[in-house]
Amino acid sequence: MALVEVKVPQLSESVAEATLLQWKKKVGEAVTADQILIEVETDKVVLEVPAPVSGVLAEIVVADGATVLAEQLIARIDTDGKVGTAVAPITATSLASVAAAAAPAATSASKAQVAMPAAAKLLAEHQLTAASVSGSGKDGRVLKGDVLAAVAAAAAAPKAAVPAATIPTGVPTQALPQVAAPSLDLGQRPEQRVPMSRLRARVAERLLQSQASNAILTTFNEVNMAPVMEMRKRFQERFEKEHGVKLGFMSFFVKAAVHALKKFPVVNASVDGNDIVYHGYFDIGIAVGSPRGLVVPIIRNADQLGFAEIEKKIAEFGQKAQAGKLGIEEMSGGTFSISNGGTFGSMLSTPIINPPQSAILGVHATKDRAVVENGQIVIRPINYLALSYDHRIIDGREAVLSLVAMKEALEDPSRLLFNL
């Protein structure tokens, strides 16, 4: 019997712990080398834990939903095991388990059921005891999912008749107040309590941190998108044929943002204590929605990339975000961010700064609107841009002029070619 340990991958320096999601294999099932056994969620990314060797999953040391550390042992694989057979290693722990199993049943029954911390909290909230819930964790430990399942089962079960209160002898029932029983039709008002994922909790923490530590102000402007739309329509087919990717609008916004940041470097800066850090590079974060929450992957050195390279990066980030494959290094850093709520139909918003950055551009849906040009009312495709900035280091002048620079670049894209 050759047992190989499965451990949590190495986490980044800024991540102290992680949460195990759901095991994809059960004890006794065959696994092959590099097959994904479980995913580990940190407050930034979701990491996959592959099988180091082929064999049979002999033991799951840490159950679903548990908090783990880097390099922590979570399972063992038996390279010589047979499918359907769980082979546990002979250790002091396993010997103690055998001894406990051989003890009288009364002794086992007298032991209190152990609940994990998250499960214990839920038990207290729902006024339950650990003994009333069947535990699926190691050694019968009650997990958070066990409590949620028990609560759901209790809600779905038909309500038993509540026994009448005992009436003291000699008290006439006519003298008792007649109180109507409350109607509790939970079927029409369902509720579900789901714990935040680590990623969602981290996003919430950072947004609160941003609002608490930054003096956030937002300035707005409107952009006539007709020149960009005309250029895109003119070159779309040739661009896709040449570069293998569609020409979208985001590459124009990225280029326009870099154009403005070069003119007003403080908008690309960040605060470090009492110092202002001016960045001589342009790493643009692109806010992307994913099934597990908002993520902001970074386009490095965006000023050195062409439209095709930017579009390929954005498409790659979108695919990785949906699949949960974004790496920590792809979301670290950044000097400025762009959030495109227009893809969901947003008309106007005040985006929150992504710390430690000092500004963020909000892009919205482009709609035909009536505008006045040369004294005439005409219809133009208009997009409202919003720039949220940290007023501690960015004055209104720099914020407004940088947004105007973006507007001018989008309304005359040739400016991007000549850096005007």
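**View 1. A nonpolar surface patch.** F220, M347 and L348 make up a nonpolar patch on the surface, and their accessible area together is about 300 Å². Areas follow the Shrake-Rupley method with a 1.4 Å probe. The model is predicted: local features need pLDDT of at least 70, side-chain atom pairs pLDDT 80 or more, and totals for chains, interfaces and linings use all residues. Residues are numbered from 1 along each chain, and side-chain values use heavy atoms, without hydrogens and water.

**View 2. F220 in its strand.** F220 sits in strand β9, residues 216-224. Strands are DSSP runs of E, at least two residues; helices are runs of H or I, at least four. F220 has a relative accessible area of 39%, so it is partly exposed (between buried, under 20%, and exposed, over 50%).

**View 3. The largest nonpolar core.** This core has 74 residues; I74, I284, F336 and I338 touch the most other members. A core joins buried Ala, Val, Leu, Ile, Met, Phe, Trp, Tyr and Cys residues through side-chain atoms within 4.5 Å. Helix α7 (residues 250-263) gives the most, with nine residues. Domain 1 (3-78) and domain 2 (215-417) both contribute, so the core lies between them. The domain bounds come from an automatic or database assignment.

**View 4. Around I338.** Beyond four places in sequence, I338 touches residues including M250, F253, I284 and L361. Contact means heavy atoms within 4.5 Å.

**View 5. A second core.** This separate core has six residues, among them L123, V133, V142 and V147.

Methods: Patches are made of residues with over 30% relative accessible area and no salt bridge: like charges are joined within 9 Å, nonpolar side chains (Val, Leu, Ile, Met, Phe, Trp, Tyr) within 5 Å. A salt bridge is a side-chain nitrogen of Lys or Arg within 4 Å of a carboxyl oxygen of Asp or Glu. Buried means under 20% relative accessible area, exposed over 50%, partly exposed in between (1.4 Å probe, protein chains only).
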